[in-house]
Amino acid sequence: MPAVIDDLVPRVLRGDVRGVARALRIVDDRGADHLALLKALHPHGGRAFVIGVTGTPGAGKSTLVDRLVEALRARATKVAVVAVDPSSPFTGGAILGDRIRMQRHFLDEGVFIRSLATRGHLGGVSRSAGDVIRVLDAAGFDVIVVETVGVGQDELEIARYAHTTVLVTAPGLGDDIQAIKAGILEIADVFAVNKSDRDGADGAVRDLEQMIALGRETGAAVRGQGHSAAAAHGPAAGGAVAGEWTPPVLKTVATKNQGVTELLAACDAHRQWLADTGAGTRRLADRLAYEARAIFRGALVREAEARLGVVLLEAIARVERREEDPYTVSEALVSRALAGARA
Ligand SMILES: Nc1nc2c(ncn2[C@@H]2O[C@H](COP(=O)(O)OP(=O)(O)OP(=O)(O)O)[C@@H](O)[C@H]2O)c(=O)[nH]1
Ligand SMILES: [Mg+2]
């Protein structure tokens, strides 16, 4: 192991704030030592509870996260917050806004706030988030909250790293609730209808509950298990019915700190359910498999690009000039990159 990593690892494991910041910079830069660092930290992870917070832009995610941090600190939990904004070209501004919103935690040693500059990273947003979570987990943070904007593919992928995924929406975003249907229903464990001080909160709660019930019916039908009304609707406060988790839909007003205790309780209940049913172990195995594939793909592309060098550039130029089709070119490139490689 490189000497610099040798020195750094114990500092990260002690939770030394400067050491953690340094480690995150190394991971971000993807320099020569970053894999050695991640390898060394890997065995020390697996203790942190990772909460993913996603949902429609402007729904109040950061305000809510700030309140969650406050509630967690009240129980002396060490918390790290990771803000991810993969799509916006104005990331600097958005993250600055998040910082200002959360700055009252800045002098608290038990809170670590970090924004993720993700665009342009090979392997994508989810790989960066996975690496950052690995460092923070090893550093002994009890809870890691990951805030992502939107409901796109990146956010769905980041949810793979979370134990509990909270979807935040707000009244009057009817169109967005339609958009949410595309995949997020399956991955959200807890729903928060924030800005419940506004009109339409009860309607939004009803809509979501209906969609969840419908999703469960469809799921049950697909699995050929049938369903009961009780299983479809579950208890009002959310929770497990016959081994299944019914995502609760909670009303919150982040600006007034309303519903935050209940939201945290729902996350705790989901964590307990993961532990009690073995679902947590399965999710972890899924996540590790997914992560291994993503890391493999990234490493493969890097290696192939390094081997091909200028040959790759020339081949792409031929496609640009319409001398060759991209399929034939890709096949030839893959053959050439892997030539001589043994399993
Ligand atoms: N009325 C009302 N306003 C809220 C509530 N929660 C947040 N807001 C306001 O909504 C605006 C957006 O809040 P943010 O916390 O930045 O929302 P966000 O979802 O993190 O936004 P992005 O990260 O940009 O997608 C801010 O002006 C908040 O003060 C709430 O419960 N009620
Ligand atoms: Mg935000």
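## Elements and model

Helices (H or I, at least four residues) and strands (E, at least two) are DSSP runs, numbered from the N terminus. By that count, α13 gives the most to the lining of the second largest pocket: six residues.

This is a predicted model: local features need pLDDT of at least 70 and side-chain atom pairs 80 or more, while totals for chains, interfaces and linings use all residues. Residues are numbered from 1 along each chain as its sequence is written, chains are lettered from A and ligands numbered from 1 in written order, and side-chain values use heavy atoms, without hydrogens or water.

## Confidence

The protein chain averages a pLDDT (the predictor's confidence in each residue, from 0 to 100) of 82. At least 70 is reached by 77% of the residues. Residues 87–97 fall below 50. Beyond near neighbours in sequence, that stretch has eight contacts (heavy atoms within 4.5 Å) in the model. Residues 225–237 are also below 50, with 17 such contacts. Where pLDDT is low, the predicted coordinates should not be read in detail.

## The sheet

Seven strands form an open sheet with parallel pairing. Their order is β3-β2-β4-β1-β5-β6-β9. Two strands pair if DSSP finds at least two bridges between them. β3 (111–116) and β9 (249–251) stand at the edges. Each has a single partner strand, so one side of each lacks a neighbour in the sheet. From one strand to the next, the twist averages 20°.

β2 (residues 79–84) pairs with β3 over six bridges, in the parallel sense. One partner in β3 is F112, bridged to A80. Helix α4 (residues 61–74) lies across β1, β2, β3, β4 (143–148), β5 (164–169) and β6 (190–193). α4 runs at about 175° to β4. Angles run from 0 to 180 degrees between N-to-C directions, with axes fitted to C-alpha atoms, for helices over the stretch in contact.

## The second largest pocket

A pocket is an open set of points on a 1 Å grid over the protein atoms alone, with protein on both sides within 12 Å along at least five of seven lines; lining residues have an atom within 4 Å of a point. Of its 25 lining residues, G46, R47, A48, H163 and L284 are closest to the centre. β1 (49–55), α6 (124–138), α12 (260–277) and α13 (279–308) each give two or more residues.

## The cavities

A cavity is a set of grid points where a 1.4 Å probe fits but cannot get out. Two cavities of 30 Å³ or more are counted. The largest cavity holds about 60 Å³. Of its 12 lining residues, G52, V53, V146, I158 and A159 lie nearest the centre. β1 contributes the largest share, four residues.

Technical notes
Grid points are joined across faces, edges and corners, and a volume is the space filled by probe spheres set on the points.
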